[in-house]
Amino acid sequence: MEFSDLIRTRRAQAKLLRGPEAPPLRGTLCLTGHHLLLSPGPQATSELWLLLLRSVDSIEKRVASDSGTITLRCKDLRVLQLEIEGVEASLDIARSIEALSSLESVITSFPFFYRPKGLRLGDAWHFHPPERYYKRVARETNAWRLSEVNEDFSVCPSYPRAVIVPRSVDDGALARSARFRQGGRFPVLSYHHAPSGTVLVRSSQPLTGPQKRRCAEDEELLRAVLAGARPGARGFIVDTRSSQAAKQARMTGGGTEAKAAYPGWKRLHRPLERGQPLQESFVRLVEACGDLQQSTDSWLRRLEGCCWLAHVKEALSTACLAAQGMEREGACILVHGAEGTDSTLLVTSLAQLILDPLSRTMAGFQELVEREWIQAGHPFQLRCAHSAFSHARPKHEAPTFLLFLDCVWQLGRQFPLSLEFGEGLLLALFEHAYASPFGTFLCNSERERCLCEVRTRTHSLWSGLNQPKEQRKLRNPLYAPNPLAIWPSVELQSLRLWQGLFLRWIRPPEPSEVAWEKVWQIVTDKEKTKLSQPTVSASEPQL
Amino acid sequence: MRYGLWMQATFISEKKYTLLLEGVKVENVRLVDRISSKKAALGTLYLTATHVIFVENAPDTRKETWILHSQISTIEKQATAATGCPLLIRCKNFQLLQLIIPQERDCHDVYISLIRLARPVKYEELYCFSFNPKLDKEEREQGWMLIDLSEEYKRMGLPNNYWQLSDVNRDYRVCDSYPTELYVPKSATAHIIVGSSKFRSRRRFPALSYYYRDNHASICRSSQPLSGFSARCLEDEQMLQAIRKANPGSDFIYVVDTRPKLNAMANRAAGKGYENEDNYSNIKFQFIGIENIHVMRNSLQKMLEVCELKSPSMSDFLWGLENSGWLRHIKAIMDAGIFIAKAVSEEGVSVLVHCSDGWDRTAQVCSVASLLLDPHYRTLKGFMVLIEKDWISFGHKFNHRYGNLDGDPKEISPVIDQFIECVWQLMEQFPCAFEFNERFLIHIQHHIYSCQFGNLLCNSQKERQELRIQERTYSLWAHLWKNRADYMNPLFRDDHSQTRGTLRLPTTPCNFLYKFWSGMYNRFEKGLQPRQSVTDYLMAVKEETQQLEEEREALEERLEKIQKVQLNHTKVKAKQSEPSKHSGFSTSDNSTANTPQDYSGNMKSFPSRSPSQGDEDSALILTQDNLKSSDPDLSANSDQESGVEDLSCRSPSGGECAPSEDSGKDRDSDEAVFLTA
């Protein structure tokens, strides 16, 4: 298929409106296979304006007598308005954008064409390989080993090639345990908490079904988890569904671990919202944020009505529960919901951020996202196909990853000195998860990425972000390494709406930018003074 | 209970010593923590002439909680339980104290004593008349001179061709709630002023609040006219005309009635009301619906009830917040201020503001508008001047509104609290525009109720003069100024175009910009606040930078000397220094991070073997706070003995976990298992 087939009109004169605070841009509008460009006239001082078509979430057209207005709502929640000369031209452009922004093929997407200066293909794909972490754990504990049972993705299509499992369980048992778990997601190590000698393990639900089936290898696997931890450790299974929902899942072949079958393990239910209700919550929140005509009271009512903050609270408290179980109770924790690819990852990744100082560094956080979201098989392509504006009927969309980023932001707000990265990184991850020139968030699993040769044919987001010029936007200048666990408050008064994301394009950006500049200035002033400090050498004579 | 003379020299610093001459003491009292109900501290309760003091028994900390009697808002005796008799004390600075006293009789005695102590009937009983910060007479007098309103009017550029200082109110002859020194238009003769004052409620005639020297526009304030249904007053009309003439750039003035139209109309029946546009030449009349003090009092009450809910859901909380209407009221005040600031700075039109008596809503609105217009009021000193000008001098009834003396509870209303919150909301929107920080606002709010200083006492300038406040008490402004290092906003940028001149608010109505101020209304629930303070960190960094710079200068000086003295024998080189070990601000912050709270919600299932809101940690947060706040009475829980050592205590503080009943929600799952550990 050629992009040119989809492009009806390449050029038109247009005016671009970018929200109430920014001045409008005028110029020539161009459409390419992946981008919308606006090049201002030769006399204009402003630069070329560029929009990745992939980031268009919904498009609305209105025509007047001799011009048309196109409203583009983007996946990063920006709303843009194009006033285009000529009715035909505007309709053509609207249709072309519509067609081009909804192409489903992965290998014709922009990351496969993006060749930025200064980056080499394949450079950063080994930035954060999870194997490195797994090897370290295996070395430190002696109770865990790397397994290549999933080398060809046949045991579990959504797991990466390498997983880490108890040393005493062989690959055959793993394969049989995988058949007892939905999607083959058998229990694997997510995090090893060295100070307490406990581990965080994740999986999908067991396929007990109405007959309450059991699986000896699966039971053996969980027994081995406890045996490998500190002596006498107990285990808790944090099920991210309500007990009701977990029971109902038996009817469709799923279920929960029966108490008798897993001695030493106790089950806790912490229902987290997922799937469509979560997506609706997101949509309603964005709607409320965009409505500027409402009164203060109805704003609060809508904020309440969309339940987003309640989801943040639930996610954070469940992660805290898991972390607390490990750090304070010395227990092993297994987290799963149904598929084990959404709320499960939300809980395990947040728990690590709370407990592990390393994951709060710039590199550590990227590694965490790579290991616990991308490699762990969160289906980004399905979940992030559309953002909050799409009119299309939602199928598999859900802002689970956004919820994770929001929870991280809440942690950063309560512990402003403890994260090495700032809001900028979280915003960048949100943007790139939904539409990106980089290949990192493409596809739904490592298997699919291998099939599409994402590693060799696209650039990694991590190499893009780790360029020196990006650092000032992404780093937290206030960072001071904090060796302790950071326990957030999940009380309602402590949680805030993430204005930097949800109101990013609505509130005037300057005041916070000015403040950010000042923070940097204070911190760099100190560094400069420190560096310019002369020292009188030790051999200085007494005066 | 033991009455009589006692002293507790071991734990009370010398300064507070004198206050404890005589008092009441009850032992084995438990102080219940509002958030984690499992934790109650055992200790001794003392009542003194000025404070309620609770001292914990725990030998290593002996944490103290001090409450000023004047801060007590309500005392509630609750039904006796098996453990004792609970007493709930609500404070005006939003602290909530639940004490459990073993003996019913003791509880009753404490209750009776507190009711009396919390409601003084004479000014002389108030704390400021006994408070002695050990300053000599000269220092005290200088303190009172720190803020000088005549200087402030000079700064505005007055007197000038249009405005003059009037002595018409000398000895409070015209209006007893106004100051003696007032600026009025030059063309307003004494005859006009007196005539106008007779046509205004409580004789509060139009007088200048703020003069915008860039374009001669001004903000004036008054009370409502006694217009009834048809009454007129020539002098009052002339007075408004004079205000208009004082601004040559405009041919009309705005008259802003800050009340809802309905309220203003109702007043007409009582012979009061609002200006009729037909009678006054060249005015544009405008209502801005800010509700009255009774609505505001109830609104705050409702919001505090929401804060007190036991484990509410997010939706309970947001619903409650909305139902209280508090943020809507804050926005109404802000909107009025924005309207006036725009009229003055953009249209160049003068504005006369009034409400009913012109001492509540008018004060709020004039001060918000001034704050938006003039960057001077956004500095530390300027903000004190602003409160001195629009609130203190113009007769805001501090005593009635904040219940300093026992009086009519219907007069009490959080009027200045709302203004302070408006400032905070602006600070959140413009992080670089204010020289002072949130702590400054919180401390001012505290002192509005503390009665520790004389500035904010009484209902008018006249009353303060009669009481000889300046001779007998100390000035709050001097106290705050002395500790100004604590109140600085490290992000303040007076050089930036955005923070210079008028603050430019977004053109679109942004409701989401108004947020619940947890730092104020939950300020005593330290667990709810961010665990690390950006402000303190940045101030420490700035301080360190300065120290380094000083060190460098000293070193360079020394280097020069050395080079001069011993050119040949010494090896002197400048090299990069090791990071010097200055105050360890980076480590001390971390420790507070180490307490998990109860994450199991209302299911009571999660273990609390860990010190949830544990002592060592919260004590520590407070200690840090105390170290920061130079004011001992602000720190409700002072903790003088616990040092910084136990900050980094990592291990959970042993202690058994109380087994709780099976929640019975789901037999199959194991909700209560952690408890049996």
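This section describes the sheets, nonpolar cores, aromatic pairs and selected local contacts of a predicted model.

Chain B contains 22 helices and 16 strands, and buried residues account for 58% of its 677 residues. Of the contacts in chain B with a separation of 6 or more, 69% are made by residues 24 or more positions apart. One open sheet of chain B comprises five strands in the order 11-12-15-13-14, with mixed pairing. From one strand to the next, the twist averages 25 degrees. Within the sheet, strand 13 (residues 253-257) and strand 15 (residues 351-354) of chain B are paired in the parallel sense over four bridges, and Tyr254(B) stands opposite Val351(B) of strand 15. Helix 10 of chain B packs on the sheet through contacts with strand 12 (218-222), strand 13, strand 14 and strand 15 of chain B, and its direction makes about 175 degrees with that of strand 13. Helix 11 (residues 361-373) of chain B lies across strand 11, strand 12 and strand 15 of chain B, at about 170 degrees to strand 12.

Elsewhere in chain B, strand 3 (residues 40-47) is mostly covered, with six of its eight residues buried. This strand pairs with strand 4 (residues 51-56) of chain B in the antiparallel sense over five bridges, and the two strands form a hairpin with three residues between them. Within this pairing, Thr44(B) has Val55(B) of strand 4 as its bridge partner. In helix 5 (residues 190-198) of chain B, the buried residues are Ile192(B), Ile193(B), Gly195(B), Ser196(B) and Ser197(B), and these buried residues pack against strand 9 (163-166), strand 10 (182-185) and helix 6 (234-245) of chain B.

Chain A likewise has an open sheet of five strands with mixed pairing, in the order 10-11-14-12-13. Its edges are formed by strand 10 (188-193) and strand 13 (265-269) of chain A, each of which pairs on one side only, and the twist averages 20 degrees from one strand to the next. Strand 12 (residues 235-239) and strand 13 of chain A pair in the parallel sense over five bridges, with Leu268(A) in strand 13 as the bridge partner of Val238(A).

In soluble globular proteins, nonpolar side chains tend to be buried together. The largest nonpolar core of the model has 259 residues, and those with the most contacts inside it are Phe186(A), Phe365(A), Phe404(A), Leu429(A), Phe502(A), Phe383(B) and Tyr521(B). The largest share of this core, twelve residues, is contributed by helix 10 (residues 326-347) of chain B. Another core, of 26 residues, lies apart from it and includes Phe3(A), Ala12(A), Leu72(A) and Leu80(A). When residues up to four places away in sequence are not counted, Phe502(A) touches Leu77(A), Phe282(A), Leu285(A), Val286(A), Cys289(A), Trp308(A), Leu402(A), Asp406(A) and Leu497(A).

Over all chains, the count of aromatic pairs comes to 45. In one of these pairs, the ring centres of Trp373(A) and Phe404(A) are 5.1 Å apart and the ring planes stand at 45 degrees, so the pair is classed as tilted. The pair links distant parts of the chain, since Trp373(A) belongs to helix 11 (residues 362-374) and Phe404(A) to helix 13 (residues 400-414) of chain A, 31 residues apart. Both Trp373(A) and Phe404(A) are buried, and they belong to one aromatic cluster together with Phe365(A), Phe380(A), Phe401(A), Phe421(A) and Phe441(A). Charged side chains also lie over ring faces: Arg73(A) is placed over the face of Phe389(A), at 5.9 Å from the ring centre, and Lys284(B) over the face of Phe252(B), at 4.3 Å from the ring centre.

Leu121(A) is found in the loop between helix 2 (87-101) and helix 3 (130-141) of chain A, and its relative accessibility of 35% classes Leu121(A) as partly exposed. Not counting residues up to four places away in sequence, Leu121(A) touches Arg115(A), Thr456(A), Arg457(A), Thr458(A) and His459(A). The C-alpha atoms of Leu121(A) and Cys289(A), which are 168 residues apart along the chain, are separated by 40 Å.

Definitions and conventions
Residues are numbered from 1 along each chain as its sequence is written. Chains are lettered from A and ligands numbered from 1 in the order in which they are written. This is a predicted model: local features need pLDDT of at least 70, side-chain atom pairs count only at pLDDT 80 or more; totals for chains, interfaces and linings use all residues. Side-chain values use heavy atoms; hydrogens and water are left out. Rings of Phe, Tyr and Trp (its six-membered ring) pair if their centres lie within 6.5 Å; planes under 30 degrees apart count as stacked, over 60 as edge-to-face and the rest as tilted. Buried means under 20% relative accessible area, exposed over 50%, partly exposed in between (1.4 Å probe, protein chains only). A charge sits over a ring if NZ of Lys or CZ of Arg is within 6 Å of the ring centre and within 35 degrees of the ring normal. A nonpolar core is a set of buried Ala, Val, Leu, Ile, Met, Phe, Trp, Tyr and Cys residues joined through side-chain atoms within 4.5 Å. Contact means heavy atoms within 4.5 Å. Two strands pair if DSSP finds at least two bridges between them. Axes are lines fitted to C-alpha atoms, for helices over the stretch in contact, and angles run from 0 to 180 degrees between N-to-C directions.
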